[in-house]
Amino acid sequence: MAGLVFREATVVDGSGAPGFVADVAVEGDRISAVGSAPAGAREVDARGLVLCPGFIDTHSHDDGAFLRHPDMAFKLAQGVTTDVSGNCGFSTVPNEPGREYMPGDISGPGSSWTDLESYFAACMAKRPAINNLMLVGHNRVRAHVLGMERRAPTADELAEMRGHVARAMEQGAAGFSTGLIYEPGRYAATEEVVALAAEAAPYGGLYVTHMRNEGDRLLEAVDEAISIAREAGVGLHISHHKAAGRRNWGRVAASLAKADAAHASGTSVTLDVYPYTAGSGPMWQYVNLSAIDREWAGGVMIATCPDYPEFEGRMVPEIAAGRGWTVEEAVREMLTSPRGREVICIHFIIDEADIETNLRHPRVFIGSDGIPVLKGNPHPRLFGTMPRVLARYVRERGVLPLEEAIRKMTSAPCERFGIAGRGRVAEGWFADLVLFDPATIEDRATYAEPKQEPRGIRMVVVNGQVAYEDGVHTGAGAGRMLRYRREA
């Protein structure tokens, strides 16, 4: 007898192949049968529902969330069973206990751990709801060795940085990530990044990048990213691919063409996208206080502002008008307040047509890029990314078929990020599963009310245990810390 059996589900197995009606059985943490199944201790009537692999969020910033919010409710409710964390150069390792690395560090504060192995142990002690795979971040490595200094490393410092990347790779990191738009990563020359990314090469790891520019110099930034990967001898993954700013809209087609050319010439390239026209991040990282970009600031909503919570959920021009300030004065006031480095903003910079262009590309995956700060009004992508793809871009707009959307959210990222034994509904694979109604699945998170869980997801199974069912989080705590290309 199986432990859990889904009867007559429409199985979309993650491969991209057409769905088929079958029974699926789960025993322990594995799928034990697909097709016909024995009786189960628990049987679920899945007629009319889709059963697919658990979704992979290829771009998360949940390093600290696995410790602060181990229930991971905002991800679990949307069908995410595995995060790829440590993106944009921000990661929780290496770490010196008690040290503060960067103001408002979105990877979360350090604690007792020092390396990836001890960080994983700290996470597992919290019994996380979902799985976590890690990247080692350039910003963290650089800050660990150089602090926030605006200079090149010495030969000894570069060797120390390389050692931290190599240690993380040895302990199971999937690759090396950069955020070359952020401090301190923006101070690094291309040669520094190549040297560090090369430490992932012996492990077959990836170079994952928030590129140096996503706006006016997008194409030059793509060239740099490809060059880094090629020289380092690693595969390239471009994070949250976009052409930022109205004057750049439409340029993702040229950017994707560059990625295709590199891929054809032997440097493998994949990308990810979030299905929203706004980005989000720490506001201080985007603003030069001596020359505030009025056009950019005019399109910004405040997500989190500890010193002015009444500003949360409001656009900067509205805030300025209410206080009798100029837009520039409003931005300056928030950033120079005592907790100004903790201000998170939402900036409306992306073209809807570019999102659809990205989604149609076969090597573009889905990543939320959500920042798990639950106070204030976080970007709705933290709660709604995966259902939004299935509702808006599959069911409503027909941008891509259901089977292809699920492939982009399951087997394709698993293959790319070395998530072994997951991403398919097949016998012997880990039982990370999502059961949902394709007619009703829908994201409910909005910019005005972002902390709303989606509808239409009936059940989420993580490592064989029911973790979420009909709006209820079971507290199973069955998530695991995953290591690159290793079953765990």
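User: In what sense do S9 and strand S10 pair, and over how many bridges?
Analyst: Keep in mind that this is a predicted model. Strand S10 covers residues 175-179, and S9 pairs with S10 in the parallel sense. One spot to look at is Gly137, which stands opposite Ser177 in S10. As for the sense and the bridge count, the answer is parallel, over two bridges.

User: Which strands are the edge strands of the open sheet?
Analyst: Six strands build this open sheet, with parallel pairing, and their order is S9-S10-S11-S12-S13-S17. An edge strand here pairs on one side only, so look at the two ends of that order. They are strand S9 (136-137) and strand S17 (364-366).

User: Is Arg142 buried or exposed?
Analyst: Let's find Arg142 first: it sits in helix H4, residues 138-146. Leaving aside neighbours within four places in sequence, Arg142 is in contact with several residues, including Glu149, Met161, Tyr187 and Glu192. Its relative accessibility is 0%, and buried means under 20%, so Arg142 counts as buried.

User: What separates the C-alpha atoms of Gly64 and Gly108?
Analyst: Gly64 is in the loop between strand S6 (55-57) and helix H1 (65-68). Not counting residues up to four places away in sequence, Gly64 touches Thr92, Ser107 and Gly108. Gly64 and Gly108 are 44 residues apart along the chain, yet their C-alpha atoms are separated by 4.4 Å.

User: Why does Gly64 count as buried?
Analyst: The cut-off for buried is under 20% relative accessible area. Gly64 falls under that cut-off, so it is buried, with a relative accessible area of 4%.

User: Which elements give two or more residues to the lining of the largest pocket?
Analyst: This pocket has a volume of about 970 Å³. Its lining has 36 residues, and Ala244, Tyr286, Asp293, Trp296 and Ile349 lie nearest the centre. The elements that give two or more residues to that lining are strand S14 (278-282), helix H9 (294-298) and strand S16 (344-348).

User: How many charged residues are in the lining of the largest pocket?
Analyst: Let's go class by class. The lining of the largest pocket has 13 nonpolar and 12 polar residues. That leaves the charged class, which has 11.

User: And how many charged residues are in the lining of the largest cavity?
Analyst: The structure holds five cavities of 30 Å³ or more, and the largest has about 60 Å³ of space. Among the residues lining the largest cavity are Ser280, Thr304, Ile371 and His379. By class, the lining has six nonpolar and four polar residues, and the charged count is none.

Key
Residues numbered from 1 in each chain as written. Predicted model: local features only at pLDDT ≥ 70, side-chain atom pairs only at ≥ 80, totals over all residues. Heavy atoms only, no water. 1 Å grid on protein atoms, 1.4 Å probe; cavity = no way out; pocket = protein on both sides within 12 Å on 5 of 7 lines; lining within 4 Å. Points joined across faces, edges and corners; volume = space filled by probe spheres on them. Helix = DSSP H or I, 4+ residues; strand = E, 2+ residues; numbered from the N terminus. Nonpolar A, V, L, I, M, F, W, Y, C, P; charged D, E, K, R; others polar. Pairing = 2+ DSSP bridges. Buried < 20%, exposed > 50% of the residue type's maximum accessible area, 1.4 Å probe, protein only. Contact = heavy atoms within 4.5 Å.
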